[in-house]
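Please look over the sequence and the structure shown below before reading on. The report that follows takes up salt bridges, helix packing and a few individual residues in turn.

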Amino acid sequence: MSAIKTEDAANGKSAANGGVVVYEEGGVTVLRPTDLSEMLAAGTKEVHEKAENTQFVKDFLRGRIRKELFKLGHVALYFTYSAMEEEIERNKDHPRFAPLYFPNELHRRDALAQDLEYFYGEDWQNQISCSPATQLYVDRIHQIGRDDPVLLVAHAYTRYMGDLSGGQVLRKVAQRAMKLPTTGEGLNFYEFDGIHSAKAFKQLYRSRMNELELDMDTKEKIVEEANRAFYFNMEVFGELEEVGKTLQDDVLDPAPVHGDMQEDNSQCPYHAAKKAASGGSTYICQMAMIVLKKPSAQVLLAAWIAALAGLAAWYIM
């Protein structure tokens with residue numbers, strides 16, 4: 001976005017390299033703790049862990065997926081992204097959001113529409129409705145789009161960066177568990193055809209966030225709104241869990257996708273990524289040995305490692 005530039009700082013040099021604002025201290029390049037991307041990562045860490053450990057998400061990551069719940073989850077996403085992208089379009093020229101306008105790369109509404117047509121048929125729009133928890137989420141997005149558009153940054157960050165980070169992992173889990181076509185039908189939501197490198201794009205997106213001209217009070221409001229977005233998603237997960245209790249146990253592939261692990265949060269890729277990022281080599285070796293003990297899980301080792309690496313990268317950046 002911007003040319004490479006440097007300027008002296010009291011405790012070292014600061015630089016914007018390819019749009020990423022950094023400090024250079026003793027040859028080590030670090031982001032500033034007051035950068036919006038850093039504040040969001042730190043400020044949503046706790047609620048992110050809570051969301052990753054909801055029963056619905058844990059079941060999904062183990063490959064225990066009810067097709068009906070998967071469809072309803074897509075319906076919730078369709079209404080959520082329809083609202084968010086409607087407000088993004090309305091505010092695409094707003095100076096405190098315009099730098100984050102990437103419709104060709106990020107927008108998900110049309111992809112979700114394709115998936116819903118696959119699952120429900122041509123008249124899919126007449127067969128779906130917005131659930132109560134999703135409606136609260138949608139109403140909040142429309143409210144801030146009208147009254148305080150800068151808070152759209154929080155919702156865009158929460159959804160799009162999460163989709164880019166774990167989307168390919170979840171796509172493989174869903175395709176295998178529900179035996180969906182390998183050609184991608186029903187899984188268009190997870191495909192970002194306009195993005196060739198998720199890592200590079202996420203770095204660009206974070207740099208654009210950090211370049212927004214925001215005072216500290218506004219940044220704190222955005223972090224607060226991002227936490228609210230996570231809670232909205234958790235409410236939707238909880239709603240799906242309640243629906244699941246009324247369905248027959250039609251799990252298509254109950255085998256844990258990541259191997260036969262103990263019943264704890266180590267089954268969450270986000271948790272595993274944190275362990276890896278903090279130098280937990282012993283942990284990684286233990287997980288690998290568990291997987292390799294089961295022949296049926298050996299073929300999944302490569303996918304598990306790819307998931308770990310991708311989610312670790314998202315946590316670190």
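## A lysine and its partner

Lysine 221 has a relative accessible area of 40%, and it therefore counts as partly exposed, since that class lies between the cut-offs of 20% for buried and 50% for exposed. This value, like the others in this report, is computed from a predicted model. The side chain of lysine 221 forms a salt bridge with the side chain of aspartate 148, with a distance of 2.9 Å from N to O. The two residues are 73 residues apart, lysine 221 being in helix 10 and aspartate 148 in the loop between helix 7 and helix 8, and the pair thus links distant parts of the chain.

## Other salt bridges

The count of salt bridges comes to 15, and a second one joins the side chains of arginine 140 and glutamate 225, at 2.7 Å from N to O. Because arginine 140 lies in helix 7 (residues 132-147) and glutamate 225 in helix 10 (residues 216-244), this pair ties together parts that are 85 residues apart in sequence. Arginine 140 and glutamate 225 are both buried.

Another salt bridge, at 3.4 Å from N to O, brings together the side chains of aspartate 59 and arginine 64. Aspartate 59 is buried, with a relative accessible area of 15%, whereas arginine 64, at 32% relative accessibility, counts as partly exposed. Asp59 and Arg64 also belong, together with Arg62, to a network of linked salt bridges.

## How helix 4 meets helix 8

Two packed helices are described by the angle between their axes and the distance between the axes. For helix 4 (residues 67-90) and helix 8 (residues 152-178), the axes come within 13 Å and cross at roughly 155°. Helix 4 and helix 8 are therefore roughly antiparallel to each other, because an angle over 145 degrees is counted in that way. The crossing in which helix 4 passes helix 8 is left-handed.

Which residues of helix 4 and helix 8 meet? On the side of helix 4 they include Phe70, Leu77, Tyr81 and Met84, and on the side of helix 8 they include Leu152, Ala156, Tyr160 and Met178. Sorted by class, the contact of helix 4 with helix 8 has 10 nonpolar, 2 polar and 5 charged residues.

## A buried isoleucine

Isoleucine 141 is found in helix 7, and with a relative accessible area of 0% this isoleucine is buried. Leaving aside its neighbours within four places in sequence, isoleucine 141 is in contact with Thr80, Ala83, Met84, Glu87, Leu152 and His155. The C-alpha atoms of isoleucine 141 and methionine 84 are 6.1 Å apart in space, although the two residues are 57 residues apart in sequence.

Most residues other than glycine have a negative phi. Lysine 179, however, has a phi near 55°, which is a positive value in a residue other than glycine. Lysine 179 lies in the loop between helix 8 and helix 9 (198-211), and at 63% relative accessibility lysine 179 counts as exposed.

## The chain as a whole

The secondary structure of the protein chain comes to 14 helices and 4 strands, and of its 317 residues, 50% count as buried. Among the contacts in the protein chain between residues at least 6 apart in sequence, 76% join residues that are at least 24 apart.

Terms used: Residues are numbered from 1 along each chain as its sequence is written. This is a predicted model: local features need pLDDT of at least 70, side-chain atom pairs count only at pLDDT 80 or more; totals for chains, interfaces and linings use all residues. Side-chain values use heavy atoms; hydrogens and water are left out. Axes are lines fitted to C-alpha atoms, for helices over the stretch in contact, and angles run from 0 to 180 degrees between N-to-C directions. Angles under 35 degrees count as roughly parallel, over 145 as roughly antiparallel, 65 to 115 as roughly perpendicular and the rest as oblique. A crossing is left-handed if the near helix is turned anticlockwise from the far one by less than a right angle, and right-handed if clockwise. Contact means heavy atoms within 4.5 Å. Ala, Val, Leu, Ile, Met, Phe, Trp, Tyr, Cys and Pro count as nonpolar, Asp, Glu, Lys and Arg as charged, and the others, Gly among them, as polar. A salt bridge is a side-chain nitrogen of Lys or Arg within 4 Å of a carboxyl oxygen of Asp or Glu. Buried means under 20% relative accessible area, exposed over 50%, partly exposed in between (1.4 Å probe, protein chains only).
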